[in-house]
Each structure stands twice: as structure tokens, then as C-alpha cells.
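These are my notebook entries on a single protein chain.

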Amino acid sequence: MKHLLSAAGVGGAILLGFVLGLWVGNRVRNEVPADVPAARVDSVTSGFLAPVELPADTAVVEAAPDTLPKMPEVSETTKKERAEGKAYLTKHNRWNREEMEKIPVLQGLWDAVNHYDVEAIRKYDEVLECPPLTTIIEGLEKSQKKGYYTSKNDRNITLSTYIRRLQQ
């Protein structure tokens, strides 16, 4: 329930920011500088741009090329890998190191969980947005666990036991 409320709060904040951005952008677009001819003002305020004759001494400036870096698109392969990793973490109570290492997005996560490495786990959670990882992070932030969770030869972490141990 706590995660659902947090997600709703974040979603609401994003929506509010989007609406405010649209409102401010619309106000900025509708402001007309004092040095713009009246014919130009009429064409802007009417909702569409009508052709306006510019004085002969007006220089034409070409639009600047798009200088902002573009966000890389997440490939379908990456989306599938994330979905596969998230499915593994949510559907299995017993996390096996060898199985997790076969899933590219989970490589190294088992070791991070076994070593109680909250910062590394947080990076995986940023990518996967997975409830079990969020629960582990919250538990590690409250506890002072150090060392290793499993013995040297054990390759399984039982999630329910791990979380219970964090809460002790």
C-alpha cells in the first residue's frame, strides 16, 4: 500500500509539472513584444499565423539546428530483458545466482544482494522498478547488515527469509 501511495504521489507530481509547463508555455507564446507590428499581433492572437510583410531592412535568421541531445530510445530487446528480469525477481522466492547471471539485466544483482550493497541494488531498482528490490532497499536502509548473507557454497537467496532477516 505504501508503494502504491508513493507511486500515486510521484505520478501526480509529474502530471502537475506537465500541466504547469503547458500553461507557462502557452502564456509565453501568447505574449507579444512591443516592437511587433500590429498586423503581426492580429495574426498571432487569431490562432493562426497569417503572412506578414517585413520591412526591407529586416534580416532573415534561419532556425538554429536542434542542439539538444536526444534521449536514446529503449530498444525492444532492452524492454524484453527488463521485463524478463522483473518477472524473475517477482515470480521467484528463491533467487538462484546462476539463473540470474543468465539474464543480462540481472547480472551482478545476486552478489549485490548477498553483500548487502544497498547502492548497487538501488541502481538495479532504478532500471527495473521492481517491488522486491524496493523492499530490500527499505530494509537495508533501516538495518546495519554487513558481510555476506549466504555461505560460500550456497547459490540461493530465499527472498522471504532475507527480508525477514533485514527486519530483525
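**Entry 1: order of elements.** I began at the N terminus and read the elements in the order α-α-α-β-α-α-α-α-β-α. The count for the protein is eight helices and two strands. I note here that the model is predicted.

**Entry 2: the chain as a whole.** I looked up burial next and found that 23% of the 168 residues in the protein are buried. I then turned to contacts with a separation of 6 or more, of which 48% join residues 24 or more positions apart.

**Entry 3: H6 and H7.** I asked at what angle the axes of H6 and H7 cross. Helix H6 covers residues 118-128 and helix H7 covers residues 131-142. Their axes come within 9 Å and cross at roughly 155 degrees. Angles over 145 degrees count as roughly antiparallel, and H6 is therefore roughly antiparallel to H7. I recorded the crossing of H6 and H7 as left-handed.

I then listed the residues that meet. From H6 they are Val118, Ile121, Arg122, Tyr124, Asp125 and Leu128. From H7 they are Leu133, Thr134, Ile136, Ile137, Leu140 and Glu141. I sorted the residues of this contact between H6 and H7 into eight nonpolar, one polar and three charged.

**Entry 4: H7 and H8.** The axes of H7 and H8 come within 9 Å and cross at roughly 25 degrees. Angles under 35 degrees count as roughly parallel, so H7 is roughly parallel to H8. The crossing of H7 and H8 is left-handed.

On the H7 side, I found Pro132, Thr135, Ile136, Gly139 and Leu140 in the contact. On the H8 side, I found Leu159, Tyr162, Ile163 and Leu166. The residues of this contact of H7 with H8 comprise seven nonpolar, two polar and no charged.

**Entry 5: the buried face of H8.** Which residues of helix H8 are buried? Within residues 159-166, I found Leu159, Tyr162, Ile163 and Leu166 to be buried. Looking down the axis of H8, I saw that these buried residues fall within an arc of 95 degrees, so they line one face of the helix.

Technical notes:
Residues numbered from 1 in each chain as written. Predicted model: local features only at pLDDT ≥ 70, side-chain atom pairs only at ≥ 80, totals over all residues. Heavy atoms only, no water. Axes fitted to C-alpha atoms, helices over the stretch in contact; angles between N-to-C directions. Helix = DSSP H or I, 4+ residues; strand = E, 2+ residues; numbered from the N terminus. Parallel < 35°, antiparallel > 145°, perpendicular 65-115°, else oblique. Left-handed = near helix turned anticlockwise from the far one by under 90°. Contact = heavy atoms within 4.5 Å. Nonpolar A, V, L, I, M, F, W, Y, C, P; charged D, E, K, R; others polar. Buried < 20%, exposed > 50% of the residue type's maximum accessible area, 1.4 Å probe, protein only. Arc of directions from axis to C-beta.
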